[in-house]
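Dear colleague,

A short account of what was found in it comes after.

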Amino acid sequence: MDMLMVKSLNKTYEGKVKTQALSEINLAIKKGEFVGIMGPSGSGKTTLLNMVSTIDAPSSGEVIIGGTNPYQLKASQLAAFRRRQLGFVFQDFNLLDTLTVAENIVLPLTLDKQSLKLMDAKLKTLAQRLGIQEILNKRTYEISGGQKQRAAIARAMITSPSLLLADEPTGALDSNSSRIVMEMLEAINRSDETTMLLVSHDPVAASYCHRVVFIRDGRLDHEIRRGESRQEFFHRIMDSLAITGRESS
Ligand SMILES: Nc1ncnc2c1ncn2[C@@H]1O[C@H](COP(=O)(O)OP(=O)(O)OP(=O)(O)O)[C@@H](O)[C@H]1O
Ligand SMILES: [Mg+2]
C-alpha cells in the first residue's frame, strides 16, 4: 500500500516574479519506506515537503496520504489529521524554550486532550528509546543540539504518526550527533514501520534511507536505491550529487 502518493504536482509562487518551484512531480512511497530527497539549493525540496505536510497548497496536482486527500478535508478535520497522521522534524528543532523537554514532547498529546497516565507512559517509552531520560526536566537551553533533535523526534513520534517528515534534521548538528540522530530515525523506521520522508544535503544522513530521490529545477531527476551496504550507498549518493550539482549554500 502507498502511504504517500503525489500526482502531477505543480507549484508556482505568484508575486512580482513568478517562480515555478515544482513541475509535474510524481512520487509514491510505500508504508514503512524511508525516502530521502536531495537536490541543489532552491531546487524545490522544502516546497515539496510543505505541499505534503499541507503547510502550503499546490497550484495543481494531488497529495494522498494513507488514502486521504488532506486538501479535501474541512479545516477542523485537517487540524486533527495533521496532528494524528503527520510528524514533523525541522533543522532548528522548533522546541519551546519556556517548557521543559518533557513538556515539549507531550505537547501534541496535550492538544489532543489525552489522559495524563497515557501521556506519561508514552513519554517514558520514547525517552528511553531516544536516550534522553536524564534530561526530561531540563529546559531547551540546558541541552545540546543533538539532545534537542532527539527531543524533537520524540515529540514528533508521540502521536505515532503514519508519516514522519523531516527537513534537514541534521543540518545544525555535528557529525557525531548527526549519526546518532540518523541511527535513531532508522531504528524507529524499522521497529514501528513509520514511513519517513527526509530532506537532506548531507550524503551521510541520506545514506540511512532506503531510496534517495534527486530533484533538479523543481523536477524529479532520478532516484537510487540502497542495497545491503550503507557505505556503498553513500558512495553512489556522492556520485549522483556530482551529476545533479553539489550545494553552494
Ligand atoms: N514562499 C515563497 N515565495 C516565493 N518563492 C518561494 C517561496 N518559497 C520558496 N520559493 C522559491 O521556490 C524555489 C524552491 O525553493 P525551496 O525552498 O523549495 O528550495 P530547497 O530545495 O528547499 O532549497 P534549500 O536547499 O536551500 O533549502 C526557489 O526558487 C525559492 O526561491
Ligand atoms: Mg529547503
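Predicted model: local features only at pLDDT ≥ 70, side-chain atom pairs only at ≥ 80, totals over all residues.

Helix packing. Two packed helices are described by the angle between their axes and the distance between the axes. For helix 5 (residues 145-157) and helix 6 (residues 175-192), the axes come within 9 Å and cross at roughly 20 degrees. Since angles under 35 degrees count as roughly parallel, helix 5 is therefore roughly parallel to helix 6. The crossing of helix 5 past helix 6 is right-handed. Helix 5 contributes G146, Q149, R150, I153 and M157 to the contact, and these meet S177, I180, V181, M184, L185, I188 and D192 of helix 6. By class, this contact has seven nonpolar, three polar and two charged residues.

Residue E33. This residue is found in the loop between strand 2 (19-30) and strand 3 (34-38). E33 counts as buried because its relative accessibility is 11%, with the cut-off set at under 20%. Its side chain makes a polar contact with the side chain of R211, at 2.8 Å. Leaving aside residues up to four places away in sequence, E33 touches A28, N189, T194, T195, M196, H210, R211 and R225.

Residue L27. L27 belongs to strand 2 and is buried, with a relative accessible area of 6%. Beyond residues up to four places away in sequence, L27 touches L4, M5, V6, L48, R211 and V213. From C-alpha to C-alpha, L27 and E186 are 21 Å apart in space, and they are 159 residues apart in sequence.

With kind regards

Methods. Residues numbered from 1 in each chain as written. Chains lettered and ligands numbered in written order. Heavy atoms only, no water. Axes fitted to C-alpha atoms, helices over the stretch in contact; angles between N-to-C directions. Helix = DSSP H or I, 4+ residues; strand = E, 2+ residues; numbered from the N terminus. Parallel < 35°, antiparallel > 145°, perpendicular 65-115°, else oblique. Left-handed = near helix turned anticlockwise from the far one by under 90°. Contact = heavy atoms within 4.5 Å. Nonpolar A, V, L, I, M, F, W, Y, C, P; charged D, E, K, R; others polar. Buried < 20%, exposed > 50% of the residue type's maximum accessible area, 1.4 Å probe, protein only. Polar contact = N/O pair within 3.5 Å; in protein donor to acceptor, adjacent residues only side chain to side chain.
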